[in-house]
Amino acid sequence: GVSGPAGSANVDTYIRLSTPTTNNGTLTDVIVGLTNDPTKVNRAIMAFNLAGVPANATVTSCALRVNVLQSSSATPGHVRGLCGAHWLDGDGQGENKATWNEWKGGSTWGAAGAASTAACALGGDYTTAGEVAYTPPTATGAFTFPDLSALCQDAVAAQGGWLRLRLSQDSEATASNLIRFDSSEGATAANRPRLTVTWTAP
């Protein structure tokens with residue numbers, strides 16, 4: 001089977017070091033990297049509902065495509081799984097609550113910026129299991145990250161069908177190194193983040 005209609009992102013936002021109490025969940029773009037100041041570090045958080053994929057399915061490919069609005073000296077990064085306990089989806093406590101300091105109002109991340117690498121069961125924010133390294137786009141327009149099959153398989157088999165992602169650059173030290181892409185609030189549905197999952201049933 002294949003799942004993934006245009007605009008299939010359910011929730012997405014970005015969190016910024018320089019505005020640690022500001023939520024960006026209603027904005028029409030998502031930023032990964034640094035804008036015009038070393039304190040303006042941005043990390044993206046996204047979630048997709050894979051309820052259409054059977055829990056016992058084998059994921060054979062999982063492609064995340066975004067529409068890049070800006071690419072400015074972007075540097076390599078990683079797509080990692082975000083701990084589900086710190087990203088409650090579809091209940092108003094994720095996309096429209098998350099900030100650099102908190103994953104929802106009154107509840108802090110394990111470490112500010114969703115930075116804790118402790119085990120998810122011990123209050124960590126993300127896991128490196130199944131992480132995917134990427135080379136950033138150099139131009140605007142459609143861009144597909146490397147295959148996320150391991151993360152999607154875990155989402156289907158162990159995370160109740162929710163794929164929760166944390167996107168960041170590996171180096172967060174130089175201003176004006178970033179990518180910016182349409183969010184799920186973008187005006188053009190075809191340009192919103194899109195996840196396409198190919199799977200086989202037993």
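Cys120 is partly exposed, with a relative accessible area of 34%. This comes from a predicted model, in which a search of the whole structure finds two disulfides. Counted along the chain, the bonded cysteines follow the pattern 1-4, 2-3.

**Disulfide Cys83–Cys120**
- Cys120 is joined to Cys83 by a disulfide with an S to S distance of 2.0 Å.
- The pair ties together parts that are 37 residues apart in sequence, because Cys83 lies in the loop between β6 (77-82) and β7 (102-104) and Cys120 in the loop between β8 (107-108) and β9 (126-134).
- The torsion about this S-S bond is about -75°, so the disulfide is left-handed.
- Cys83 has a relative accessible area of 2%, under the 20% cut-off, and is therefore buried.

**Disulfide Cys62–Cys152**
- The sulfur atoms of Cys62 and Cys152 are 1.8 Å apart and form a disulfide.
- This pair links distant parts of the chain, with Cys62 in strand β5 and Cys152 in helix α1 (residues 149-158), 90 residues apart.
- Cys62 and Cys152 are both buried.

**Pairing of strand β5**
- Strand β5 (residues 58-72) pairs with strand β13 (residues 194-200) in the antiparallel sense, over seven bridges; here Ser61 stands opposite Thr198.
- β5 also runs antiparallel to strand β10 (residues 141-144), joined to it by four bridges, and Asn67 stands opposite Ala142 of β10.
- With strand β12 (residues 178-182), β5 pairs over four bridges in the antiparallel sense; Ser71 stands opposite Ile179 there.

Definitions and conventions
Residues numbered from 1 in each chain as written. Predicted model: local features only at pLDDT ≥ 70, side-chain atom pairs only at ≥ 80, totals over all residues. Heavy atoms only, no water. Pairing = 2+ DSSP bridges. Helix = DSSP H or I, 4+ residues; strand = E, 2+ residues; numbered from the N terminus. Disulfide = S-S within 2.5 Å. Buried < 20%, exposed > 50% of the residue type's maximum accessible area, 1.4 Å probe, protein only.
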